[in-house]
Amino acid sequence: MSEFTLNINGKQKTVNVDEDTPLLWVIRDTLGYTGTKFGCGRGLCGACTIHIDGEATRSCVTPIDNLDEDVELTTIEGLSVENPHPIQEAWLEGDVPQCGYCQSGQIMTAAAFLERNPNPEENDIDTAMKMNICRCGTYPEIKEAILTAANGSLANKGGSDE
Amino acid sequence: MGKLVGQPIKRVEDNRFIKGEGKYTDDFNMPNQTFAVYVRSPHAHAKINSVDTSAAEAMDGVVKVFTGQDIADAGLAGSICGWQVDFKNGDTMKEPPHPIMVADKVRHVGDPVAMVIAEDKYTARDAAELVNVDYDVLGAIVDPKAAVEDGAAQVHDDVPNNTIYDWELGDSAATDAAFENAHHVTSLSYHNQKLVPNAIEPRAALAHYDANEDKYTLYSTSQNPHLARLVIGAFVLAIPEHKLRVISPDVGGGFGSKIFVYNDECGCLWASKQIGRPVKWTADRSEAFITDCHGRDHVTDAQMAFDADGNITGLRTKTYASMGAYLSNFSTCVPTYLHGTLMQGLYTTPAVHVDVTAVVTNTVPVDAYRGAGRPEATYSIERLMDTAAREMGMDPTELRRKNFIPAFDGVEQPGYQTQVALQYDSGDYETNMDKALQVADYESLKATRDKAKSEGRLVGIGFSTFIEACGIAPSAVVGSLGARVGLYDAASIRVHPTGKVTIHSGAHAHGQGHETTFAQVVADAFGIGMDDVNVIHGDTENVPFGMGTYGSRSLAVCGSAIMKSVDKVKEKGARIAAHKLECSPDDLEFANGAWTVKGTDKSVGFGDVALTAYVPHDYPADEEPGLDFASFYDPANFVYPFGTHICVVEVDKDTGEVDVTKYVAVDDCGNVINPMIVDGQVHGGVAQGIGQALYEGAVYDDDGQLLNGSMLDYTMPRADNFPMFETDKTETPCPHNPLGVKGIGEAGTIASTPAVVNAVMDALSDYGVKDLQMPLTPERVWSAMNSNGNA
């Protein structure tokens, strides 16, 4: 067991856990941020996606002692503080979730992607999102929502259903 | 159509999901809780000689270790089979026991033999590895058809030839005669392969026995908390029903796999009483692969007979259906009453016969998975149709048109009585197909395909015109067929003094958006706003006894219970309004949220009536206060959605890879409450059906080892595997429920699998490929193309 101080969602938190504890469990069990989800434990489904310095990362395969000093962790709870992130607004506008379980991970991956690539083509979106599994099959709605968020205007949806 | 019903109202649920504020079972914790890990068999079939728990028990932080012997010593059984399907000759169905943990023999990889309970989950996991089980490995049986043969490994002692039942439906004499006289016969033999549901949320339980209150609480990832309470309380752990509270919070996907009462949560509940502390268990993904009930696993021979004009004269199928190693709750009804009864399809076939043998094998138990029997039936029928059309040189849409049941609404025209027990409620199959052909621009599609082929590109078009039976079901009917539960549903409507409304629903959503759609229906009915209504579901302490959500039933059955409660509220409201307006209730009409004396502008609003009901100062003398009604609705029939799906694929000549380039779905689920939610259900269903056609399938070796039991090896469809789906609708109302609605949750899965395979076969029509086994991996497709024979 060791002490670690994390910079998470804009706050400093100190935890006392085994060095090889995956970040996912520190986030969920020790810190109580339950918005990040467990799906596979092997980095294959994306439900556990958080941001480390703004980059989408699979927390279930990231041991806590692999973190560099002073990195900023963001979970779904910290994605937006006062106003919804454009991605979250687009998700609401597009009626994206069904069961909701994978959506934290989808949103975190999409937010990091749009930050890097603010004007994506549909193929870029497919490639960026293909490592996040949605068993309810909300893929078409996710893609439309990302295009909407990229477009910058909710009244003017990008992409089409045809 | 009201202001809200029929509109794409934004989902109320999404506010919490997009912020990560959904609360799923693993998100809950209790003070002083312990963590459980099950020790599971690594062998598919083995005798247990001994179980040594001493090293595990000695580990620091371990609270207790229980074994199958502890379960047996406690006189406990395990989860039950809820549907009795007896043999053709009248013999009782075989019902081998399925104890919470086994003591004598393990029968599938994943069968639980012990349970380690510790202070934290890491210790539990480490200690579980120290439990030492001495096994004598036995030969395993995996193939459903081979399971019945003499000499096959026997999964249970008193189930000869691994046969649980044999069963048939239809007229074998008439069908055989049709085949003898047929002008053309089309035959297919295939394995509707075993599928792993893989909801992204693994199953979990948080169980607590409170000794002070003598009361049990179970948080569970269940699609049906009341059913879970009944089965666990009455049949597994002998807990008085009123002392067991089951709470299904947000559930992260079910697709059927979370209907069943699993021994895992029963074990947690029992253990929590033994140790006097809460017990928390969450499956990991490899555990989910070997314990969540799998789907499908039918080995089928199917044939269709035609006359010289292309009319279908007969259909017969023979299926070996695997139950897996044990009978799960609904397993026995899936290949019979949810599969055999759909063999009419939407055609006027005069002679149908279905023969099913259910077997046990040394694999994970099988039960309902999105579609539950109807995908298997539709696959047989729709693959036969496209194949027959090609063999007979007919257009596949013309072959269908020729054989469609003519339109009927169930009101002016009677429902359609099939050859296989069911009576369809309403349908207009030809109009629906014509709409799909128009949406897809079929003539253009054909031209595109033919041109591509002439240029050496393998483009194909595949069809699936499906019907399915959902909204289960009339209790008396299913009771007479062996069901051990009724299949009604329930809802209370509680109008509050200030005119707000709460719906207490016996259904439970895990993605279907009931908090939105049920509110739409009720808000419109009372002329109030969406914000004035909320929905409560999932807690057995808070809602009337409902059967839960699966089988595309919630709107048709629970929605109807809601409407009954709405009617009761309106009826009493009218009497209260009449008293206030000094008239007779017959003088009133209700519209726009108010009761108005007909022909006048004297009215009193819904809110006023509500307040009066709870502050009954000036009130009808013989009327109780309050405005609060529960209703139960037992459907008169199943409901029968239908539709036409058209799939276009391109097959890569060099790699055999199949690309779905276009997908059109025109579905008819009766009246539509929220088209956005309907589209979402269709998209999700189609995604899973394409998954079965092209990517998925549990692979076992001869020793019963699941070779692809991880997300790395079991391929699920992902974002880049689909085109944008083109969806449209026809609306043929259901004649027998108040909302005129049918179901849509499974339709996409039922329709799509054969549409995809049909498209690939069309693309490969010049290659002499007789058939392809699912999943149509690049390797299978390429091999078939290059060997001029079967895959």
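User: How many salt bridges does the rule find across the interface of chain A and chain B?

Analyst: Bear in mind that this is a predicted model. A salt bridge here needs a Lys or Arg side-chain nitrogen within 4 Å of an Asp or Glu carboxyl oxygen. One pair that forms such a bridge is A:Glu93 with B:Lys10, where the closest N and O atoms are 4.0 Å apart. Across the whole interface of chain A and chain B, the count comes to seven.

User: And how many residue pairs are in polar contact between chain A and chain B?

Analyst: For this one, an N or O pair has to sit within 3.5 Å, and both residues must be at pLDDT 80 or more. With that applied between chain A and chain B, you get 26 residue pairs.

User: Which element gives the most to the side of chain A that touches chain B?

Analyst: The elements giving two or more residues to that side are α1 (23-30), α2 (86-93), α3 (103-116), α4 (122-129) and α5 (139-151) of chain A. The top giver puts in five residues, and that's α5(A).

User: How do the residues of that side of chain A divide into nonpolar, polar and charged?

Analyst: Chain A brings 47 residues to the contact, while chain B brings 56. Sorted by class, the chain A side comes out as 20 nonpolar, twelve polar and 15 charged.

User: Now inside chain A: what area do domain 1 and domain 2 bury between them?

Analyst: The assignment gives domain 1 as 2-78 and domain 2 as 86-151, with C-alpha centres 21 Å apart. Domain 1 puts 16 residues into the contact and domain 2 puts in twelve. Carbon and sulfur atoms carry 59% of the buried area, which is about 1200 Å².

User: How many salt bridges and how many polar contact pairs are there between those two domains of chain A?

Analyst: The salt bridge count between domain 1 and domain 2 of chain A is zero. Polar contacts, with both residues at pLDDT 80 or more, do turn up there, and the number of residue pairs is seven.

User: Which element gives the most to the side of domain 1 that touches domain 2 in chain A?

Analyst: Two strands of chain A give two or more residues to that side: β3 (49-52) and β4 (55-58). By class, the side holds seven nonpolar, seven polar and two charged residues. The biggest contribution is three residues, from β3(A).

Technical notes: Residues numbered from 1 in each chain as written. Chains lettered and ligands numbered in written order. Predicted model: local features only at pLDDT ≥ 70, side-chain atom pairs only at ≥ 80, totals over all residues. Heavy atoms only, no water. Contact = heavy atoms within 4.5 Å. Polar contact = N/O pair within 3.5 Å; in protein donor to acceptor, adjacent residues only side chain to side chain. Helix = DSSP H or I, 4+ residues; strand = E, 2+ residues; numbered from the N terminus. Nonpolar A, V, L, I, M, F, W, Y, C, P; charged D, E, K, R; others polar. Domains from an automatic or database assignment. Buried area = accessible area lost by both parts, 1.4 Å probe.
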